[in-house]
Amino acid sequence: MSEEAIKIGLLGLGTVGSGAYKIIEKNQDLLKSRTGIGFEVTKILVSNPQKKRRVNVPQELLTTDTSSILHDPQIDVVVELMGGVTASYHYIKEALEQGKYVVTANKDLMATKGEELHRLAAEKNVKIFYEASVGGGIPLIRPLQNSLGANRILRIMGIINGTTNYILTKMSLESMDFDSALAEAQAKGFAEKDPSSDLEGWDAAYKLAILARLAFDSAIDIDDVHREGISMVDIRDIQYAKELGFTIKLLAIGEDLEKGIALKVHPTLVPLNHPLASVNHEFNALFVEGDAVGEVMFFGRGAGEMPTGSSVVADLMDAAREIKLGDKSPSLQPSEKRNILPVSELVSPFYLRLQATDEPGVFGYLATVFGGENISLDMIIQKRSEGGIAEIVLVTHAVQEKKLEAALNKVHKFAAIERVASVYRVIEKK
Ligand SMILES: NC(=O)c1ccc[n+]([C@@H]2O[C@H](COP(=O)([O-])OP(=O)(O)OC[C@H]3O[C@@H](n4cnc5c(N)ncnc54)[C@H](OP(=O)(O)O)[C@@H]3O)[C@@H](O)[C@H]2O)c1
C-alpha cells in the first residue's frame, strides 16, 4: 500500500466541483481504507476567487492560473468540472500531454471529442474517466465497459435528462401546462436559465452518443443521433396518451439492428405498465438489453451536487489505483464507425393527433390513405368538435417511418384536415 496521497487539481468549483470536494473531505478515511491511498486536492481553478462558495475551501487553494495546475509536476490527476467545450478541451488536452490522468463530467466534450481524447490518453499511457458525464450519480459507463462487457448489447433505452422528465411528470401528474412546468423546474434548480439544450434534446443526444459508443463498439458523431425535443408536447397529447394507457417520456434509444445502429432521442408514448413509465420527476433510468444478461435497468439521480460528485470521486479512486498501485484497467479500444440507419428506415407504432373539420367522409378518407400504405390502425379516438373542428387521435401498428411520411403527405392534402398537430413514436404494449 502506498502511503503517498494522490494529488488532485480541480478545474471548477461550481455545483459538481463542490460536491466532489465535499466527498473527498467527508469520506477521506473511507477512500483511504478502500484504496490504501490518500486523496489531496492541492489546487482549484475558478474564474472568480472572491465568489461566495457552497463549500468551505482554504482560500490559498483557489487560483485563476491554469498553468499552475496543468504544469505542476506534483499533480497526478486533473478533474475538469468547468463545463463548456472550448477552454475545457484545451485544458484536458494539455493535462493529458503532460502525462496526467483526467476525470471529467463534461458530456458535450466527451460526445464530440471523446475519441480524440481517448487516443491522446492512450498515446501518453494515461486515462480519461467520465462516469459523471452520463446519468449523474448512476453508474452507467463502468457497467457498460465492465460488468456487462461479456454481452453483445442489443438495445439501450432510457430517460437520461432530468429537466425534461421533471416537466413531463408535472404535465402528466398535475395537468400543468408546459410553461408553468418549466417555470417550476427552473425555480427548483432542475432547469437552467437557458433550458434549450435540455428541451431540444441536445443534452440527451450527447449522453446517448457516449453510451452508444460503449454499447455498440462504434465511433459515433453527435449528428448520427436523430433528435426531437419536448417543447411541442401539448398537455392534450399527455391527456390522450393517458386515455390510451400511455405516458409521454423523452426517451433516448440506441439499437443494434441487423443492418446497422439506430440512435434517436424523441418524446415517446410509453405504456403505463412499462418500468420507464414510473420514472418520474428529476430521476433518470436506463434499460440495457444484452444478449446474455437479458434486461437490466439502472435508476437514480441523474444530476446534482452530491450524486454527480459521487461518480467523479469513484473515477478518482480508479485513477488513483492505476497511478499508485499500477492496477491498470483496459483502455477503450478505437472503433471504426458502423452503419448508422436513417430514421426513415426504422419501424415503430405511431401516435397521431389530427384536427379536422367536422364533416362526413373524414374517417373513410383516413382509412383509405393509411390502408394504401399498408398501415393498420390499432386505436382511434374522436373528440367532439370545438368550433367545428374535431380532434382525431390514432395509434398505428408498427410501420416504417418513410411509409408513415408518405401517408401523412396525402393526409395533409385533404381539405378537411386542418392540421396534423402531433406525431409521436410509441413503445408497443406487451
Ligand atoms: N450540475 C450537475 O448536476 C451536473 C450533472 C452531470 C454533469 N455535469 C457536468 O459537470 C460540469 C460542471 O457543471 P456544474 O453544474 O458544476 O457547473 P457550474 O456550477 O457552472 O461550475 C463551473 C465552475 O467552473 C469554473 N469555471 C468555468 N469556466 C471557467 C474558466 N474558463 N476558467 C476558470 N474557471 C472556470 C466556475 O468558476 P466560478 O465559480 O469562479 O464562476 C465554476 O466554479 C459540466 O460539464 C456539466 O455538464 C453537471
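**The shell around the ligand**

Tutor: Sorted by class, the shell around the ligand comprises ten nonpolar, eleven polar and two charged residues. The model is a predicted one. In it, 23 residues surround the ligand, and the closest are Gly12, Gly14, Gly83, Ala105 and Ala303. Among the contributors to this shell, helix H1, which spans residues 15-26, gives the most, with three residues.

Helix H1 leads on to a sheet. H1 lies across E1, strand E2 (39-45) and E4, and it runs at about 155 degrees to E2. An open sheet of six strands has the order E3-E2-E1-E4-E5-E6, and its pairing is parallel. At its edges are strand E3 (62-63) and strand E6 (128-129), each of which pairs on one side only. As a general point, the strands of a sheet pair through backbone hydrogen bonds, either parallel or antiparallel.

Strand E1 (residues 6-11) pairs with strand E4 (residues 77-80) in the parallel sense, over four bridges. Within this pairing, Gly9 stands opposite Val78 in E4.

Strand E15 (residues 377-386) and strand E16 (residues 389-396) pair in the antiparallel sense over seven bridges. Lys383 has Glu391, in E16, as its bridge partner. E15 and E16 form a hairpin with two residues between them. In the turn, Gly387 has a positive phi of about 60 degrees.

Two packed helices are described by the angle between their axes and the distance between the axes. For helix H2 (residues 28-35) and helix H12 (residues 305-325), the axes come within 11 Å and cross at roughly 45 degrees. H2 and H12 are therefore oblique to each other. The crossing in which H2 passes H12 is right-handed. On the H2 side, the contact is made by Leu31, Arg34 and Thr35, and on the H12 side by Met317, Ala320 and Arg321. By class, this contact of H2 with H12 has three nonpolar, one polar and two charged residues.

To return to the part requested, the ligand is surrounded by 23 residues, and H1 gives the most to that shell.

Technical notes: Residues are numbered from 1 along each chain as its sequence is written. This is a predicted model: local features need pLDDT of at least 70, side-chain atom pairs count only at pLDDT 80 or more; totals for chains, interfaces and linings use all residues. Axes are lines fitted to C-alpha atoms, for helices over the stretch in contact, and angles run from 0 to 180 degrees between N-to-C directions. Angles under 35 degrees count as roughly parallel, over 145 as roughly antiparallel, 65 to 115 as roughly perpendicular and the rest as oblique. A crossing is left-handed if the near helix is turned anticlockwise from the far one by less than a right angle, and right-handed if clockwise. Two residues are in contact if their C-beta atoms, placed from the backbone, lie within 7 Å. Ala, Val, Leu, Ile, Met, Phe, Trp, Tyr, Cys and Pro count as nonpolar, Asp, Glu, Lys and Arg as charged, and the others, Gly among them, as polar. A residue is near a molecule or strand if its C-beta atom, placed from the backbone, lies within 6 Å of it. Two strands pair if DSSP finds at least two bridges between them.
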